[in-house]
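Here is a short report on one protein chain. Please look over the sequence and the model before reading on.

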Amino acid sequence: SPLCNICKKHTETQDHIYLCANHASRSHQIAALRKMEQDRKKYGISTFLIRTLTKGMHAWVQNKTMLAILPKTHPVHKLVHEAFDEQYLIGWRHAIRGRISTKWSAAQKLHNQS
């Protein structure tokens, strides 16, 4: 059957796998985003960067309005803000698949240099 094995309501597409609102699916989605945030220490990823990235992904997964991030003055934070805006244009559906703005990488490189 082409229906989702979890919710049994919608056709199982790549997008639906990430967007399925069934409790079991939602729990796995949230756990995966939290794991990304926890693993950031192991890889030395900027806290602000990973939280901003996962905030955008989380909003997309839950079909919520994307909240703006407040402007910051630190150079890394400015680049993260630019990455967030660019990712919005590229699409969060692409971010969840690893197709992300190159500005995320630029922000991380700047973070590593500071």
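Predicted model: local features only at pLDDT ≥ 70, side-chain atom pairs only at ≥ 80, totals over all residues.

Residues are numbered from 1 along each chain as its sequence is written, and side-chain values use heavy atoms, with hydrogens and water left out.

**Confidence**

The mean pLDDT of the protein chain is 92, and 100% of its residues reach 70 or more. pLDDT is the predictor's confidence in each residue, from 0 to 100. Confidence is lowest in helix 1 (residues 14-19), at a mean of 92. Helix 6 has the highest, at 97. Helices here are DSSP runs (H or I, at least four residues), numbered from the N terminus.

**Helix 3 against helix 6**

Helix 3 spans residues 47-61 and helix 6 spans residues 102-113. Their axes come within 10 Å and cross at roughly 160 degrees. Helix 3 is therefore roughly antiparallel to helix 6 (angles over 145 degrees count as such). Axes are lines fitted to C-alpha atoms over the stretch in contact, and angles run from 0 to 180 degrees between N-to-C directions. The crossing is left-handed: in such a crossing the near helix is turned anticlockwise from the far one by less than a right angle.

Helix 3 supplies Leu49, Thr52 and Leu53 to the contact. Helix 6 supplies Trp104, Ala107 and Gln108. Contact means heavy atoms within 4.5 Å. By class, the contact residues are 4 nonpolar, 2 polar and no charged.

**Single residues**

Thr52 lies in helix 3. Apart from residues up to four places away in sequence, Thr52 touches Ile69, Val80, Phe84 and Trp104. Ala32 sits in helix 2, whereas Ala21 is in the loop between helix 1 and helix 2 (23-43). The table gives their accessibility; buried means under 20% relative accessible area, exposed over 50%, and partly exposed in between (1.4 Å probe, protein chains only).

| Residue | Relative accessible area | Class |
|---|---|---|
| Thr52 | 3% | buried |
| Ala32 | 44% | partly exposed |
| Ala21 | 58% | exposed |

Two C-alpha distances complete the picture. Ala32 and Thr54 are 22 residues apart along the chain, with their C-alpha atoms separated by 9.8 Å. Ala21 and Leu89 are 68 residues apart in sequence and 24 Å apart in space, C-alpha to C-alpha.

Terms used:
Helix = DSSP H or I, 4+ residues; strand = E, 2+ residues; numbered from the N terminus. Parallel < 35°, antiparallel > 145°, perpendicular 65-115°, else oblique. Nonpolar A, V, L, I, M, F, W, Y, C, P; charged D, E, K, R; others polar.
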